[in-house]
Amino acid sequence: MVGDLTDVLSCEGITVKLGGKTVLKGVTLSVRDGELVGVVGPNGSGKTTLIRAIAGFLPYEGRIYYGGILANQLKRKEIARLLSVVPQEPPLSTLTVMDFVMLGRYPYLSRWQDERPEDIRIASDALKELGVYHLKDRQMNTLSGGELQRVMLARGVVQGQRLILMDEPTSHLDLRAQQEIMDLALSLKKKRSIIATFHDLTLAGQYSDRIVVLQDGYMVAQGNPREVLTADLVKQVYGVDVIIEYEPVFHVIPVFSSVSAN
């Protein structure tokens, strides 16, 4: 079965059950070419579960199409060539940066095939694009948080040809590193589409072309960030009063009861 060929990704009624509990409930969304879709929602709303289902890491009910082709018509290696996942937690690894990034080329090699000069060139180009080529001989467990995130993005670039899934890409990073990673994501979406989950609504609103809001496993809103992320919706989903500023940039400011009472 073929879905919309103009979409990089289409999900129809995705439901995921884990340990007898329904974690994701009938989520439908699509991602267009060159689009950054931000997924937001409270802890436990299903953000990471959605990423893992799209990547094929979890069993699900519903349909997922990659470039118009039904997921179950593709082999695991074919899916791995289409998309890559940048996880929330960086790996604790003693591999060198180059060896780690080269792991992203394995879907393009046969079982016993060594990496080719082409694979080394692609990995080197990705490290240069992400600004970490000078770290290629460093061990992963010696890098800072920002450096790790750049290297994981580089691995994602060498693997997924059309879609990168980023789970909390700015978690554990300071403000400058957050900005650098999201600016890099904007540059990457010129060649690939991106789905990124966020805790920070300000970052999500500033960098996303479209926002998907999850609550208790349901998708409760989807659309342009400035139209979707309203004070009323944030109150409904997060139970927190906020002030939202639109100029000079989109900014969500929590108003805590202990402060407002004074």
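In the predicted model, the second largest pocket is lined by His199, Asp200, Leu201, Thr202, Val234, Tyr238, Val240, Val242, Val252, Pro254 and Phe256. The elements that contribute two or more residues to this lining are α7 (201-207), α9 (231-238) and β12 (251-255). By class, the lining of the second largest pocket comprises eight nonpolar residues, two polar residues and one charged residue, and the volume of this pocket is about 210 Å³.

The largest pocket has a volume of about 290 Å³. Its lining is made up of 18 residues, of which Phe57, Ser84, Val85, Val86 and Pro87 are the closest to the centre of the pocket. Two or more lining residues come from each of α1, α2 (76-82), β6 and α5. The lining of the largest pocket divides into nine nonpolar, five polar and four charged residues.

A search of the whole structure returns one cavity of 30 Å³ or more, and the largest cavity holds about 50 Å³ of space. The residues lining the largest cavity are Val8, Tyr66, Gly67, Leu82, Leu83, Arg162 and Leu163, and by class this lining has five nonpolar residues, one polar residue and one charged residue. Two of these lining residues, Leu83 and Leu163, also face one another in a sheet, where Leu83 stands opposite Leu163 in β7.

The strands β6 and β7 (residues 163-167) pair in the parallel sense over four bridges, and both belong to an open sheet of six strands with mixed pairing, ordered β6-β7-β8-β3-β9-β10. Because β6 (83-86) and β10 (218-223) stand at the edges of this sheet and each has a single partner strand, one side of each is left without a neighbour in the sheet. From one strand to the next, the twist of the sheet averages 15 degrees. Helix α5 (residues 145-159) lies across β6 and β7 and runs at about 170 degrees to β6, whereas helix α1 (residues 47-54) lies across β3 (36-40), β6, β7, β8 (193-198) and β9 (210-215), running at about 150 degrees to β8.

A further open sheet consists of four strands in the order β2-β1-β4-β5, with antiparallel pairing. The edges of this sheet are formed by β2 (21-32) and β5 (69-70), each of which pairs on one side only. Within the sheet, strand β1 (residues 7-18) and strand β4 (residues 61-66) pair in the antiparallel sense over five bridges, and Cys11 has Ile64 in β4 as its bridge partner. Helix α1 also lies across strands of this sheet, namely β1, β2 and β4, and runs at about 120 degrees to β1.

At the level of the whole chain, the protein contains ten helices and twelve strands. Along its principal axes, the C-alpha trace spans about 65 × 45 × 35 Å. The radius of gyration of the protein is 19 Å, which agrees with the value near 18 Å that a compact globule of 262 residues would have.

Terms used: Residues numbered from 1 in each chain as written. Predicted model: local features only at pLDDT ≥ 70, side-chain atom pairs only at ≥ 80, totals over all residues. Heavy atoms only, no water. 1 Å grid on protein atoms, 1.4 Å probe; cavity = no way out; pocket = protein on both sides within 12 Å on 5 of 7 lines; lining within 4 Å. Points joined across faces, edges and corners; volume = space filled by probe spheres on them. Nonpolar A, V, L, I, M, F, W, Y, C, P; charged D, E, K, R; others polar. Pairing = 2+ DSSP bridges. Axes fitted to C-alpha atoms, helices over the stretch in contact; angles between N-to-C directions. Contact = heavy atoms within 4.5 Å. Rg over C-alpha atoms; globule rule 2.2 N^0.38 Å.
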